[in-house]
Amino acid sequence: MKRPIIDVRFYETYHFSFAIKNILEDQFEYIRSLNDFYGDDSYLRFSEPYQPYSAFHQFLEFVLDELLVDDTEKFDLKRWRNLAERFKDIPTVGDEFKVPTLPIEDALRHHGFEFESFVDWLQSQEVTVTEADEDHIYDYLNELRLCGPYDELLYQSVKEAFFLLFGNRHVLLLFNEMMARQMCNAQMDELTDDHAGYFAQSGVLKRAYMPEWVRRAVFYRDRGMCVSCKVDLSGILNIWGENHFDHIVPLASGGLNDVTNIQLLCASCNLKKGDESIFTTNVYEDWYPLPTDKPDIGS
């Protein structure tokens, strides 16, 4: 089996991750946009159990696509032209005022993708920089989608954001609670054959076989410890530990069979949780111990 690795470039990855967290913590503010993600029964596509490109991956793709496009469409060509005119005779002014560089170009260049620049694309359309407007930016983005590396950039951005956020169980809880509220709307008599087989009853998915890759991902993310009581479940320190791969949002409450909805619990904590309780923790093992009190630096 090929060893899974990711070459992380961290272009705006923390900014993207923070935006995801904000959206999930204030869903009412973004309800109209979120409805485009899960509305009109779109949530039913997540009834299929344990897809490697998880429900959360698809949510990240939905949000990051909007962020990448929005940042570029907001580029103010008029302001750029005014600044370029103001600073044109100053030798020390950098290249940023010689030609307009859109945010999407910065992202593509950071990741090393080959692409046609906005200025070169304008030339191919026989449009000068001074004639360019917001419609040209929109058309350029569409060209990148159709013929350029935009999809590769989006996929890389999704992988990097997932790399950061998969370790944040608070964010995963918020996402899976959001999806559970939608899944609870599913009515057996209204489901197509493609989806009905995944449900035990209206609003409740069947318990599905958990693939080994899911167990490994969750086990190593949670560092082989019960997320609640922190007992060792690796078998190295405690040979009596028993792994329980628990749904953060239970199936009975509309939870998904998704890698981001699974956490590691010991048998005792799993029993205490019960079949309908929604639970996780924000407690993690630190990398190394620091002093209880912050030391005096430089004293």
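The expected span of a helix is 1.5 Å times one less than its number of residues. Helices (H or I, at least four residues) and strands (E, at least two) are DSSP runs, numbered from the N terminus. The model is predicted: local features need pLDDT of at least 70, side-chain atom pairs count only at pLDDT 80 or more, and totals for chains, interfaces and linings use all residues. Residues are numbered from 1 along each chain as its sequence is written, and side-chain values use heavy atoms, with hydrogens and water left out.

**Helix α8**
- Helix α8 (residues 150-165) comprises 16 residues and reaches 22 Å from its first C-alpha to its last, close to the expected 22 Å.
- Its buried residues (buried means under 20% relative accessible area, exposed over 50%, partly exposed in between, with a 1.4 Å probe and protein chains only) are Y150, L153, L154, Q156, S157, V158, E160, A161, F162 and L165.
- The cover over these buried residues of α8 includes α1, α3 (55-73), α5 (103-110), α7 (134-147) and α9.

- The 15 residues of α9 should span 21 Å, and the end C-alpha atoms of α9 are 20 Å apart, which agrees.
- Helix α9 is mostly covered, with twelve of its 15 residues buried; among them are R169, N176 and Q182 as well as L172, L173 and M179.
- Helix α1 (residues 13-25) and helix α9 (residues 169-183) pack at an angle of about 45°, with their axes 10 Å apart; axes are lines fitted to C-alpha atoms, for helices over the stretch in contact, and angles run from 0 to 180 degrees between N-to-C directions.
- This angle makes α1 oblique to α9, given that angles under 35 degrees count as roughly parallel, over 145 as roughly antiparallel, 65 to 115 as roughly perpendicular and the rest as oblique.
- K21, L24 and E25 of α1 make the contact with H170, V171, L174, F175 and M178 of α9, where contact means heavy atoms within 4.5 Å.
- The residues of this contact between α1 and α9 divide into five nonpolar, one polar and two charged (Ala, Val, Leu, Ile, Met, Phe, Trp, Tyr, Cys and Pro count as nonpolar, Asp, Glu, Lys and Arg as charged, and the others, Gly among them, as polar).

**Packing of α5 with α7**
- The axes of α5 and α7 come within 11 Å and cross at roughly 30°, which makes α5 roughly parallel to α7.
- In this pair, I104, E105 and L108 of α5 meet Y140, L141 and L144 of α7.
- The contact of α5 with α7 involves five nonpolar residues, no polar residue and one charged residue.

**Individual residues**
- E177, in helix α9, is partly exposed, with a relative accessible area of 25%.
- Leaving aside neighbours within four places in sequence, E177 is in contact with V249 and I278.
- The C-alpha atoms of E177 and S253 are separated by 8.9 Å, although these residues are 76 residues apart along the chain.
- R221 lies in helix α11 (residues 212-221) and is buried, with a relative accessible area of 15%.
- Beyond neighbours within four places in sequence, the contacts of R221 are F166, G167, R169, L172, V259, I262 and Q263.
- G255 is placed in the loop between β3 (244-247) and β4 (262-265) and counts as buried at 1% relative accessibility.
- Not counting residues up to four places away in sequence, G255 touches A180, L205, V249, P250 and N261.
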